[in-house]
Amino acid sequence: MPDETKGNTSPDKDQQPAPQAPSSSAPSAPKPGTPPAQAAKPPVTVPPKPAAPPAPPKPAGPVPLPWESEMVSQLKQRFGSGIGDASTYLGQSYMVVDRSVVYDALQQLHDEEEFNYLVDCTATHYPQRPQPFEVIWILYSFKRNERIRVKTMLAEGEAAPSVVPLWSTANWLEREVYDMFGIRFDGHPDLRRILLPEDWKGFPLRKDHSIIQQDQEWVQINLGIESGQ
Amino acid sequence: MSDPTRTAGASHLDLDEREHTFLDANELVLNMGPQHPSTHGVLRVILKLDGEKVRGTECVIGYLHRGVEKIAENRTYTMFNPYVDRMDYVAAVSNGLGYCEAVEKLLNIEAPPRANYVRVILTELNRLASHMLWLGTHALDIGAITPLFYTFRDREEILKIYEKYCGARLTTHAFRIGGCQYETYDGFETDVRKFVTFVTPKIDEYEELLTTNRIWVERTKGVGVLSGPDCIDLGVTGPVLRASGVKWDIRKAKPYAAYSQFQFEIPTGQNGDTYDRYLVRIAELRQSLRIVSQAVEGIPEGPIMAKVPKVLKPPVGEIYHSIEAPKGELGYFIVSDGSTQPYRVRVRPPSFVNLQALDKMVRGQLVADVVAVIGTLDIVLGEVDR
């Protein structure tokens, strides 16, 4: 089954009915059930609205709460505005730290707050934002039995500091982030691709990396035909 | 040896006369894998050897890379569920549990208690199956052929239970977001009880074969030593971490499913060598049986599936949820943008992170020990490469 990228709305008959892509254009397109009734009503009554107000009070989902702890206030004291949003969502705490101080903040968490286990280092790509990359470090402290996330935002081409001096495990994790997103890590001992071949073009987990386009290119170059996708 | 002036005047026996000794001049780079049977898949290790001694290694991975994380972004939450089984394919049930629980957290729903009990039973049986497969192949790598037949014979019984429960043996897709799709079949409890009584003496049999076996002990004691602080620094989790004396298990530290309701211990080792890791996993087999027999006696009545909307649209937000998979901490980091498809799914694979410790473990050891250490790390390349 061919892969679909999110932005690409090429019609595919196998597509599940669920995705919202078709429904975005739905309001203008008449739905099978409703149009006759609506067409009949307009001359009689104008306000079909009253039904709308009761809808908004949905069951309020979980919202991020401010994360207040001694650790956060200490970090805020030391780094000031370098520590941005610190919140707790669904019982999980995270803070956004400015790139310029993120290494020092992580070092403080490692040395003084005993977050001695780097669970994971990963990234997310938000192409619409001015700083499209978000690098996420998930830290765990055995002593406190606490898991937190530290995030920082990067602009295109900006490098994140490598945390290999703090946690050796970051070595491969950062290589994978580089491999998938093309984010460079300053001070990494050996920043090469890890899962993909050395001569791979592009960074597949970026949102603008289209699987279909890549497939078409491969077919054209290697088989000399149109892929038909 | 390529430089004749270096060896011409010097006696070959006087090795320390020059800065570079005779053996140093013969550093050999040896390629192991990717088609090597003891690499448990397609792992290529480049070994730098000084005679028989390993001076350094480099792992070349990615041969099984399928881009699971990219696939996730192009599937709905439900559609991605079967894919996770294909990562650690010998512990597919654990993978499914981690993913389903992560999405449930994101949706802010909870699986009903009955589902949690069934989940615990199947996941612990999976741990047994995974450890049995590990024991058989690990012993085979080291030269003991018999345990393979023993463990596969007993693992078969677990796979039969899976087959009866959901129709599949290996990539089971046993759980759904919100619970389990299938009610337990008639005689499920009896089958599980029978299995527990059947397999308990079998574990003693494995131990009889290996624990005091002189060849086994000599090949594993003191091999691939990893200290507790090293493990933490390298992010190593699971039985490897516990064999180094760190008593940490997510089932206790951050309980999920129904684990907080059962009594079990966390076995630990002291020396952090291959032998201790063997003992820890054997002890884990027994603990898993303990959990299974407690769970099967107390499966609560009630629905097995929570009320879940047909179309899953988790609110905007992100979640990290991890479970204690047979190989270590298996985590899912999921970012939702409010649509039906996950915006980003990151899998934190235990095998990938544990494999990184290989270099530290084999430096200064013999080539034959590399095979033992790869076995003792218990990696699955489907999960390393994803």
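Q: How many helices and strands does chain A have?
A: In this predicted model, the elements of chain A run from the N terminus as α-β-α-β-β-α-β-β-β-β-α-β-α. The total for chain A is 5 helices and 8 strands.

Q: What is the strand order of the open sheet of 6 strands in chain A, and which are the edge strands?
A: The open sheet of chain A has mixed pairing and the order β1-β2-β3-β6-β5-β4. Two of these strands pair on one side only. The edge strands are therefore, with pairing as the criterion, those at the ends of the order: β1 (65-66) and β4 (117-125) of chain A.

Q: In which sense do strands β2 and β3 of chain A pair, parallel or antiparallel?
A: β2 of chain A covers residues 83-89 and β3 of chain A covers residues 92-97, with 5 bridges between them. Within this pair, A:I83 stands opposite A:V97. The sense of the pairing is antiparallel.

Q: Which helix of chain A packs on the sheet by touching β4 and β5?
A: Helix α3 (residues 99-111) of chain A lies across β3, β5 and β6 of chain A, at about 165 degrees to β6(A). The helix that touches β4 and β5 of chain A spans residues 170-181, and its direction makes about 5 degrees with that of β4(A). That helix is α4 of chain A.

Q: Which element gives the most residues to the side of chain A that touches chain B?
A: The contact involves 35 residues of chain A and 36 residues of chain B. On the side of chain A, β4 and α4 each supply at least two residues. With 6 residues, the element that gives the most is β4(A).

Q: How do the residues on the side of chain A that touches chain B divide into nonpolar, polar and charged?
A: The side in question belongs to a contact of 35 residues of chain A with 36 residues of chain B. Its residues on chain A divide into 18 nonpolar, 12 polar and 5 charged.

Q: How are helices α5 and α6 of chain B oriented to each other, roughly parallel or roughly antiparallel?
A: The axes of α5 (residues 113-142) and α6 (residues 146-166) of chain B come within 8 Å and cross at roughly 160 degrees. Angles over 145 degrees count as roughly antiparallel. The orientation of α5(B) and α6(B) is therefore roughly antiparallel.

Q: How many nonpolar residues are in the contact of α5(B) with α6(B)?
A: Among the residues that meet are B:L125, B:L128 and B:M132 in α5(B) and B:F152, B:I158 and B:L159 in α6(B). The contact also includes 3 polar and 2 charged residues. The number of nonpolar residues is 14.

Note on methods
Residues are numbered from 1 along each chain as its sequence is written. Chains are lettered from A and ligands numbered from 1 in the order in which they are written. This is a predicted model: local features need pLDDT of at least 70, side-chain atom pairs count only at pLDDT 80 or more; totals for chains, interfaces and linings use all residues. Axes are lines fitted to C-alpha atoms, for helices over the stretch in contact, and angles run from 0 to 180 degrees between N-to-C directions. Helices (H or I, at least four residues) and strands (E, at least two) are DSSP runs, numbered from the N terminus. Angles under 35 degrees count as roughly parallel, over 145 as roughly antiparallel, 65 to 115 as roughly perpendicular and the rest as oblique. Two residues are in contact if their C-beta atoms, placed from the backbone, lie within 7 Å. Ala, Val, Leu, Ile, Met, Phe, Trp, Tyr, Cys and Pro count as nonpolar, Asp, Glu, Lys and Arg as charged, and the others, Gly among them, as polar. Two strands pair if DSSP finds at least two bridges between them.
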